[in-house]
Amino acid sequence: MSEGGGMSKSEENDTKLKSYGQYFTPKRVADFMVSLISHPKDAKVLEPCAGEGVFIESLWRAGFRNIVAYEIDKTLPNKSPVPIEYRNFLEIPARERFDVVIGNPPYVRWKNIPKEWRNMFKTNPYWNKVINGLGDLTYAFIYHSVNMLKQGGELIFITPFFWTETVHGKQLRKYLIERGDLELLINFNEMRIFPKVSSTIIIFKYVKEKRNRSVKIVNIRAKEKLVPHHLKKVQRLLERLKSCEDIQEGIYEAYMHDQFKGGEQWKPLPPNNSNPIIELETEQPEVLTPLGEMADIGNGMVSGLDKAFIINQDELKVLTPEERKRIIWVYKAKTLNRIVPEEPSIPYIYANDIKEESIFEQLCPNFYTHLSRYKDKLLARYNYGRDIPWWHWVFPRNKHLFENHSEKILVPSKERYDSKGYFRFTYICDTKGKRYYATQDVTVIALRGRVKESTKYVVGLLNSSVYQDYILHKGFSRGGVYDFSERPLATIPIIRIDFSNEKEAKIHDEITAMVEKAVKTKKALEYITKIDEYVAELIEVKQSLGNLP
C-alpha cells in the first residue's frame with residue numbers, strides 16, 4: 001500500500017492482473033494478427049476485451065471500419081478512434097453476428113475468477129458443458145467468441161498455450177473442432193512477448209466452417225524477445241507454405257498438419273518426425289492403455305521446509321530407538337536419473353504421529369533440539385487452513401502410495417528437457433528396513449495389483465528412446481518445462497503385453513531383465529540401448545499382428 005493508504009500503481013496493476021488478466025498486446029503483434037484476417041474490409045469485427053484499444057487501432061489502420069469493442073475495466077483510457085462499450089463481454093447474449101473476432105483474451109486462474117462468475121460457469125448449462133473448475137477465464141472467452149461468429153467467421157486470438165494441450169481443455173477443443181477448423185497455430189515457445197510472462201504463448205486462427213482443411217503450423221524456438229523481424233519471417237513462412245509442406249530454417253519450423261480430431265491435444269508432430277507410439281495410437285489403440293488406468297499416480301509429500309527435516313549422518317548415529325522409528329528415507333528430484341537414482345535417498349524426520357509437544361520433546365529429544373532451530377520458520381509455513389503442530393510435515397499427501405507399494409517409479413514433477421536431453425523415470429524398490437518416499441518436487445507412479453506387466457517393464461518403456469520422443473512431442477510443457485504431475489502422466493499410452501503370445505511375453509521379460517541389470521550395476525546407460533532394441537521389436541510384433549487379415 002502507498003503512504004496515503006491507497007494502492008500504489010504497482011499494487012493496482014498486480015490486482016488488475018489477478019482480477020482481469022490484463023497483459024497488453026504490443027502494437028507489432030496486433031498488426032500481425034490483423035494481417036491474418038481473410039475477410040474483406042467491410043467485415044463486421046468484434047474485439048471482446050479491448051483494453052486501451054491496440055487491436056482497434058490496428059484494425060482501423062488496415063481499413064476496417066465496422067468494429068464493435070467491449071472492455072470490462074472502465075478505468076482504462078480508450079486510445080483508439082472507435083468507441084468502446086464498457087461492459088462484461090461474457091454477459092452479452094451469444095448471437096452469430098460477427099465475421100471476425102480478434103484480440104487477447106484475459107488469462108485469470110480459476111481461483112482468481114470472481115465467485116459469482118465461477119458459480120455461473122458451474123451451474124449455467126450454456127457454460128458448464130465446456131468450462132470447469134480446472135480451466136481459466138481464457139476458456140470462457142474462446143467459447144463465447146466462437147458462438148458470436150457467423151458461419152465462415154474467423155477467430156484470431158493470442159493466448160497461453162495451456163488450453164490446447166491440457167486434459168481439462170479437451171471439451172473446449174472438441175467443441176471448436178466439431179464446428180470448424182483450426183487454420184493456423186503459431187507457437188512462440190520460450191520467446192518473450194509480454195513483460196514478466198514466462199508462459200508459452202500462441203497465436204491461432206480458427207474458422208467456423210467444417211472443411212477438414214490442413215493446419216498451418218509455425219514454431220519459433222528461441223529465448224529472445226519477439227521483435228518485428230520475427231513476425232515478418234513468420235509472414236514469409238506462411239506464404240511459402242502455400243507451395244511447400246515442410247520448412248526448417250534455424251529457429252523457425254513451418255509445416256502443414258492434418259486437421260485435429262475431437263478433443264485431442266493440439267500438439268502437432270512435424271511430418272519428418274514420425275513416432276511409432278503415435279502410429280499405434282492412431283492405427284491400433286487397442287494395444288495401448290493410458291498409464292492412469294494401470295497405476296495410481298500422485299505428487300510427493302510436502303514438509304513445508306525441507307531443510308529443517310533433513311538430518312546428517314552424525315545426527316543419525318546418536319538417535320534414540322523412538323527417533324529411529326521416525327526416520328523416513330526420501331528422494332528429491334535432484335536425486336533421480338534414468339532407471340537408477342543419481343544420489344542416495346535422504347534421511348528425514350517424520351513425527352506426525354505425535355500430537356503433543358511435551359510428548360515429542362520427551363520421546364524425541366534430538367529431533368526436538370534439531371527442529372527447534374527452525375521453529376519460527378516452521379510456524380510461518382503455509383498450513384492449508386489447518387492447525388498443524390510446528391514439528392509436523394504440513395501435507396503428507398499420497399503417503400499411502402509410498403507405503404502400499406514396495407515397487408514404484410519416481411519422476412521429477414517438472415523437467416527441462418533441453419538441459420539434459422532426456423526425461424528421468426527412476427525405478428525404486430523398498431528394501432528390508434527401508435521404505436522410500438519422495439517430496440513434492442517428485443511424482444510417484446505405482447502399478448495396481450491387477451496389472452500383470454512388471455514395474456521394471458514400464459520403467460523400461462518410459463526410459464526408451466521412442467517413449468522419450470513421444471513425451472517430447474506429446475507431453476504437456478510450458479516455457480520449455482515439462483509437467484509430470486498426475487494428469488499429464490495418466491495420459492501416456494503403455495504398450496500392453498499379451499502374455500499368451502510367446503514373443504510378447506519374452507520381450508517383456510527381456511526388458512524387465514535389462515532394468516534389473518541396470519539397477520544392480522547402477523549403470524543405466526549401458527542397458528538403455530538394449531532396451532530400445534526390445535521396445536522396437538515389441539512394436540514390430542504389435543504392428544505385424546495389426547496387419548493380419
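Trainee: What is the strand order in the open sheet of ten strands?

Mentor: The order is β3-β2-β1-β4-β5-β7-β6-β8-β10-β9, and the pairing is mixed. Keep in mind that this is a predicted model, where local features need pLDDT of at least 70 and side-chain atom pairs count only at pLDDT 80 or more, while totals for chains, interfaces and linings use all residues. Residues are numbered from 1 along each chain as its sequence is written, and side-chain values use heavy atoms, leaving out hydrogens and water.

Trainee: What makes something a strand or a helix here?

Mentor: Both are DSSP runs numbered from the N terminus: helices are H or I with at least four residues, strands are E with at least two.

Trainee: Why are β3 and β9 called edge strands?

Mentor: Two strands pair if DSSP finds at least two bridges between them. β3 (85-86) and β9 (246-249) each pair on one side only, and that makes them the edges.

Trainee: How do you know that β6 and β8 pair, and in which sense?

Mentor: Count the bridges. Strand β6 (residues 181-187) and strand β8 (residues 215-220) have four, in the parallel sense, against a cut-off of at least two. One example is Ile186, whose bridge partner in β8 is Val218.

Trainee: What about the neighbours of β7, how many bridges join β5 and β7, and how many join β6 to β7?

Mentor: β5 and β7 share seven bridges in the antiparallel sense, with Pro160 partnered by Ile201 of β7. β6 and β7 also run antiparallel, joined by six bridges; there, Leu185 has Phe204 as its partner in β7.

Trainee: Why is β7 described as largely enclosed?

Mentor: Buried means under 20% relative accessible area, exposed over 50%, partly exposed in between, with a 1.4 Å probe and protein chains only. Seven of the seven residues of β7 are buried, so the rest of the structure largely encloses β7.

Trainee: What shows that both faces of β7 are covered?

Mentor: In a regular strand the side chains alternate between the two faces of the sheet. On one side of β7, Ile201, Ile203, Lys205 and Val207 are buried, and on the other so are Ile202, Phe204 and Tyr206.

Trainee: Lys205 is a charged residue. What makes its link with Glu154 a salt bridge?

Mentor: The definition asks for a side-chain nitrogen of Lys or Arg within 4 Å of a carboxyl oxygen of Asp or Glu. For Glu154 and Lys205 the closest N and O atoms are 3.6 Å apart, which qualifies. Glu154 sits in strand β5 and Lys205 in strand β7, so the pair ties together parts 51 residues apart in sequence. Glu154 and Lys205 are both buried, and both belong to a salt-bridge network that also includes Asp181, Glu183 and Arg213.

Trainee: How many salt bridges does the structure hold, and what is the closest N and O distance for Asp31 and Arg61?

Mentor: There are 39 in the structure. In the Asp31 and Arg61 pair, the closest N and O atoms are 2.8 Å apart. That pair links helix α2 (residues 27-34) with helix α3 (residues 54-61), its two residues being 30 apart. Asp31 has a relative accessible area of 26%, so Asp31 counts as partly exposed, and Arg61 is partly exposed too, at 47%.

Trainee: Glu415 forms a salt bridge with Arg424. Why is Glu415 called buried?

Mentor: Glu415 has 3% relative accessibility, so Glu415 is buried. Arg424 is buried as well, at 7%.

Trainee: Why are α9 and α20 called roughly perpendicular?

Mentor: Axes are lines fitted to C-alpha atoms, for helices over the stretch in contact, and angles run from 0 to 180 degrees between N-to-C directions. Under 35 degrees is roughly parallel, over 145 roughly antiparallel, 65 to 115 roughly perpendicular, and the rest oblique. α9 and α20 pack at about 75°, with axes 8 Å apart, so they are roughly perpendicular.

Trainee: Which residues make that contact of α9 and α20?

Mentor: Contact means heavy atoms within 4.5 Å. Pro276, Ile277, Ile278 and Glu281 of α9 meet Val466, Tyr467, Tyr470 and Lys474 of α20. By class that is six nonpolar, no polar and two charged residues, where Ala, Val, Leu, Ile, Met, Phe, Trp, Tyr, Cys and Pro count as nonpolar, Asp, Glu, Lys and Arg as charged, and the others, Gly among them, as polar.
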